[in-house]
Amino acid sequence: MEVRVLGPITVEVEGRKHVLGRRKVAALLALLVTSEGFRCSRQEVADALWPGVEKAVGRVDWVVKELRKLLGEACVPHAGKSGFCTLRLPPGSVDYLRFLEGWRRTRDIKSAPERFRLLGAAEDEWWDDEPLRGLTESCFHAPRERLRGERVAAACDLMRAAEEAREEKFLREASLGWYARSPEVPEIRRFYLTAHGRGMTQRERDRVIAQWQRDYEKPDEELKIVIDWLRESPAKGGPSLRPVPNELPREDRPPIGRESLIGELAEIIRAAQEQGTTAVIVLRGMAGVGKSALALRLAHRLRERFPDGALYAELNGFTEGTSPTDPEHVLDQLLAALPPYATVTGLDGKAKALRTALAHRSALLFFDNAFNAKQVLPLLPGVGTCAVIITSRDALDGVTGPGVYLRTVEPLSDENALKVLQEKVSEKDRAVHEVPFRDLIELCENLPLALTIVERRLADRPLNAIVNLVRELQEERKRLDGLDYPQDELSVRAALHCSVRVLSEEARVLLWQLGVHPGPSVSWQAVMDMGAVVQGMRTERALRELVAANLVVAQSKRYRLHDLVRLFARHDLHPLPSEEATALERATVQQIMEHQLHNIRACDQVLDTQRELPLGDPDGVTVADVSSPEDAMAWLDVESETIKNCRALAATQGMDRYVWLLPMVMVTYQWNRRYLDDTVRDLREAGEAARRLATPVDEAMVRRMLAGTLWRQGLFEMAAPNLARAILLSRQDASETGRLSLARSLYAMALNLRKQDETQQAEDHFRQALHLYRELAQPVGEAQALNGIGAVHADRGECDEALRWCADALRVVERTEERRGRADILFTLAKVHLARDEREEALSLYRLACDIYQEQEQWTDEDKTRVLFAEVLVTAGRASEAITELERVQVLREGMDGADVQEIRERLEQLR
């Protein structure tokens, strides 16, 4: 079946052609084809076909019946009770609908030749110049005008595609024909003048233009551009189409690992283009992160979407030996490709001329290596369907507004970094050398420039020499030397130098201080404290400058340097003379240590209110306001890696004060998170430093903490000598401080003896500690000792005695604000009540203890208590409650060292 409405109404069914002419059945068919959903109500049909005739609805049935005879019931179904006349035609059977579909399909086609071909096929559906020819009913005036408008718009698209595809002959013929039919359409006049204007004399052109101005409105901006272009190029002959600039640099190698971002940005530009707006993509990031390669790939992918060409300018914002390009010079370059604006003067005039030239163009602009927003802003188009891609090491925060999309380009993922290094390496060699390859991406910290240099250096040597390259780059002072490839002018050091040379003196000094900081990240307050050691330093301003320069990354209120930036700052940046630099480095490291020490101590005092350390007052550093154990643990979670690096730096520089104090203020945190191996190592170093620097009482405290850590690992025999040493050291000091240290050492020894089933010796030590705590009026220690004695009685099965001692302990601790000690006593009481078969009382006490341990962020104790609590719940037939407790235990263990998580999962599976 074939239905044609783009001319006289014609139907071809089963090989028989019916020209319907002006008959009512033709009018009904045309009405339905041009109506939404191919349906009209019977009243709408009556009003359209018999306007002004009363009771014309009755005639509708007759004409519908005629159409049904012609097309069949499948195409013209009975209306039933719906009251609607409906048309159901096979897909592709109507010329008008084929035209619309062919035209629509071209909107997503990038290739101009392909668009030209498809639009030509759509245009072929118009077999007559007059749609709905012969139908005189007034209802067809509006549909006919709509169809004519659609054809003109499609014809303009076809001529635009011909212009882009350089189909000059077609454009000349088509523009001549359309100009004869529709000279009132400005776009048709533009195509006509573009195709034929260079064959006219100046006089002929002026006459045509003057006639247009008499008959129609003045030329629009795009037509003005064509007129001015012709006036500047009056010679006859040569190509008649305007030159389309294509200035994009050649693409060497597509960037690896950027496809997702490129796709996202391409979609942003496509969406803006379809909405008739301009998208400005700003790609910013540190030197060597691959912004230019990414932008160039994006530009090449989108090039064919922009019929008016692609313009490119290198802005030299961070180029060695070159000043940033003057924006007025860039405008001269751009306007030269967009005549006739070459004679415009002044920055503002040229910026306006660029916006005018681009207002009715669809062009792609690529500005590489911008210095700052001031350089870029005059180069941006205004309205229109252009797109702009900008790269810069600067944040370009001043480039704002609708249609501006800022994206920070990050280093590659590990997987994509490996792809860069292994692109030309066989699968077998990748597997053989997997470890050194991963070492290399870590040493380059996934920076594309560094990876590219490494990849090219590997190409110059046998692959089995990769271990030598790893060894070379592992030497901190030589790493930037190794990340240099002069044959291709690739150098990480040179790239970073170009970023740093434009910084203010303050920013350079602060960057150097951040290089001294051991990292990996720094809090805002730590940066402020660090900057305070430099007289007159405007630290916050300098920090903002470094962030804007993408030399410092701001993440979640913390600041970090890429490792290669840190190395450059530490070894290549010399903001001060050597003597001043040495003094500043010493002061900076001292300030870093003091900031960390006093802030960790503020957290530790919330977690353990009893421990006292000889830190002194925080002088010149700001201490965080930590109000709860939860806040303290969260702060330490964030800072833990930085603290670890600070301890290592203190050890390297022989700063014994911090070698012994930093591990001590971290003990409670590490116990709670079960980082026990680290704690043992750090405390052993702390013990040696304390022996050299601190008092016997301080050394005794380190021994107790080391023993407590070994005790938590179940290494009671290894803990005992440290506790014995702590007792001896404490006895050397007869002061109140020494006696308190002795009480704590005796109590710790008692705990260790009890774990070794030495109950009598444990009780003796608990009683000695109790005597000292009472003499010193230390209620928290007294309660701990009372609870210890109660626990020993419970171990022996002496439940009544255990309850009495624990009750005394509870009464003492409740006079204090100590919550952790209260939970320990409740835990002991729960075990005693369970031994007495008083299960409900035990369950209640376990729950209270768990709640306090959770509140105090005592994860290890909470873990132990909830496991016992769950076991009792199971015996009580309360499996669902036991599951809840064990699920919390699973979370706790996953948040600590991950040990024994599988055991809990298996128990949960059994209960479920």
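Modeller: A residue counts as buried under 20% relative accessible area, as exposed over 50%, and as partly exposed in between, with a 1.4 Å probe and protein chains only. This is a predicted model, in which local features need pLDDT of at least 70, side-chain atom pairs count only at pLDDT 80 or more, and totals for chains, interfaces and linings use all residues. Residues are numbered from 1 along each chain as its sequence is written, and side-chain values use heavy atoms, with hydrogens and water left out.

Biologist: Is T828 buried or exposed?

Modeller: Its relative accessibility is 9%, so T828 counts as buried. T828 lies in helix 37, residues 819–835; helices (H or I, at least four residues) and strands (E, at least two) are DSSP runs, numbered from the N terminus. Contact means heavy atoms within 4.5 Å. Leaving aside residues up to four places away in sequence, T828 touches N787, A791 and C806.

Biologist: What angle do helix 19 and helix 20 make?

Modeller: Helix 19 (residues 448–459) and helix 20 (residues 466–474) pack at about 140 degrees, with axes 10 Å apart. Helix 19 and helix 20 are therefore oblique to each other. On the helix 19 side V454, R457 and L458 take part, meeting I466, L469, E472 and L473 of helix 20.

Biologist: How is the length of a helix checked?

Modeller: The expected span is 1.5 Å times one less than the number of residues. Helix 40 (residues 879–895) has 17 residues and should span 24 Å; its end C-alpha atoms are 24 Å apart, which agrees.

Biologist: Which residues of helix 40 are buried?

Modeller: They are A882, I883, E885, L886, V889, Q890, L892 and R893. An α-helix has 3.6 residues a turn, so residues three or four places apart point the same way. The cover over the buried residues of helix 40 includes helix 38 (839–855), helix 39 (859–875) and helix 41 (901–911).

Conventions: Axes are lines fitted to C-alpha atoms, for helices over the stretch in contact, and angles run from 0 to 180 degrees between N-to-C directions. Angles under 35 degrees count as roughly parallel, over 145 as roughly antiparallel, 65 to 115 as roughly perpendicular and the rest as oblique.
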